[in-house]
Amino acid sequence: MKFQILDIIPHLKNPITGQIVSTAERLNQVVETARKAEELGYDSFSVGERHAGEFISSSPTTVLAAIAAVTSRIRLQSGVTVLSVLDPVRVAEDYATIDQLSRGRLELVIGKGNEVLQYPLFGLSLDDQWDLLAEKYGLLRRLWREENVIWSGRFRSALTEETTTTPRPFAGSPRIWHGSATTLTSAALAAQWGDPLFTANAIQPRENYKVLLDHYRAEYERHGHDPRHQYVGSGSGAGGVFIADTTQEAKRQFGPVYEALTAGRNVPGNNSPFRDIDHAVAEGPALVGSPEQVVDKILSYHELYGHDLQSISLPTTLPFAQQLEILERFALDVIPAVRSAAPTTLWESADPYGRRPESVGATEPDAAAAVERDHAIHRSNNAFTH
């Protein structure tokens with residue numbers, strides 16, 4: 001299994017101490033966490049995007065560019081790029097710039113976002129969110145894979161003149177994942193295109209996310225895509241990660257913070273049913289406990305989900321030094337055991353995108369084109385079943 005750090009950059013007071021860092025300090029913590037994560041051997045770092053609520057992640061491209069400047073190996077991802085409210089031309093330009101700055105380390109994760117207030121902010125109707133996502137993804141995909149694009153659609157003015165966005169991506173189109181949290185639609189869109197899926201695994205019982213993954217895999221097969229490229233990522237719950245010598249000690253230390261944050265969140269339809277720390281540890285996706293407890297929990301989810309990429313989020317209201325201690329302990333005491341028990345081909349030599357960044361010594365062949373060829377060959381060889 002591979003491991004990602006995700007920061008959607010919440011900017012909150014510690015509910016116990018009332019302390020909060022400045023905006024500048026919080027943003028710099030994100031960059032420093034990414035630098036430290038690379039040093040500790042994590043595989044990727046993801047920056048979220050929100051345009052409403054208590055978050056300062058409205059410009060993830062800026063933050064990822066800063067991270068690209070202080071790292072050289074770790075892959076850079078978004079979590080998620082809220083493509084439904086954005087202009088695909090601008091997304092193609094901005095993220096290709098990050099791909100060039102990082103020399104091929106970018107992989108995008110797109111979605112429609114789970115913050116309903118974003119749509120009126122951008123003059124869009126929430127009723128169109130899924131149609132917006134599908135149409136804009138179709139255009140983004142073409143802009144990164146083709147030059148001289150002519151296009152027309154429902155929600156954006158047509159590209160009537162041949163359009164080639166610049167800069168071009170570093171080595172062919174970066175991989176695009178699809179984020180899925182609540183409905184089958186994003187899972188179906190990912191499967192339609194033969195792309196990987198990232199399940200939020202945030203606040204609902206694990207069985208709810210299993211439904212999305214099952215639908216994704218069934219649709220992926222129905223479309224006849226090569227199963228070698230059917231990668232799945234999973235989140236780790238809204239509670240984040242907290243590790244101590246024993247699970248009881250972890251609950252004692254982190255429980256009051258978790259419960260206060262959970263009690264203070266009142267967003268209808270987006271609240272965790274795991275209101276207390278005992279419930280969250282026993283049945284929820286939060287990774288809180290001893291290293292052994294956390295390893296067992298990730299592997300229990302892997303048995304259900306079969307995922308290749310595990311995303312974790314640090315408890316960002318805690319003192320920053322404590323966050324870095326958790327980051328290091330997870331790297332030393334959890335990751336090796338999970339990697340040994342749950343191997344994956346993601347970002348390895350068998351994965352065309354594993355050979356994409358300059359940091360691994362190669363930029364050819366075009367990974368996106370290689371995956372498309374594999375899909376086409378698989379459909380040709382198995383036409384009788386599709």
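**A serine and the spaces in the model**

Author: S173 is in contact, meaning heavy atoms within 4.5 Å, with W144, R145, Y353, R356, D366 and A368, its neighbours within four places in sequence being left aside. This is a predicted model, in which local features need pLDDT of at least 70, side-chain atom pairs count only at pLDDT 80 or more, and totals for chains, interfaces and linings use all residues. Residues are numbered from 1 along each chain as its sequence is written, and side-chain values use heavy atoms, with hydrogens and water left out.

Reader: Why is S173 called buried?

Author: Buried means under 20% relative accessible area, exposed over 50% and partly exposed in between, with a 1.4 Å probe and protein chains only. S173 has a relative accessible area of 4%, so S173 is buried. S173 is found in the loop between β7 (159-163) and β8 (176-180); strands (E, at least two residues) and helices (H or I, at least four) are DSSP runs numbered from the N terminus.

Reader: What makes a space a cavity, and what makes a space a pocket?

Author: On a 1 Å grid over the protein atoms alone, a cavity is a set of points where a 1.4 Å probe fits but cannot get out, whereas a pocket is an open set with protein on both sides within 12 Å along at least five of seven lines. A volume is the space filled by probe spheres set on the points, which are joined across faces, edges and corners. The structure holds 4 cavities of 30 Å³ or more, and about 110 Å³ of space lies in the largest cavity.

Reader: Which residues line the largest cavity?

Author: Lining residues have an atom within 4 Å of a point. The largest cavity has 14 of them, with G194, D195, P196, Y353 and V371 nearest its centre. Two or more residues come from each of α5 (129-145) and α13 (367-381), and α13 gives the most, with 4 residues.

Reader: How is the lining of the largest cavity divided by class?

Author: Ala, Val, Leu, Ile, Met, Phe, Trp, Tyr, Cys and Pro count as nonpolar, Asp, Glu, Lys and Arg as charged, and the others, Gly among them, as polar. On that basis the lining has 6 nonpolar, 3 polar and 5 charged residues.

Reader: What is the volume of the second largest pocket, and what lines this pocket?

Author: The second largest pocket holds about 220 Å³ of space. Its lining comprises 16 residues, with Q19, V21, T316, T317 and L318 nearest the centre.
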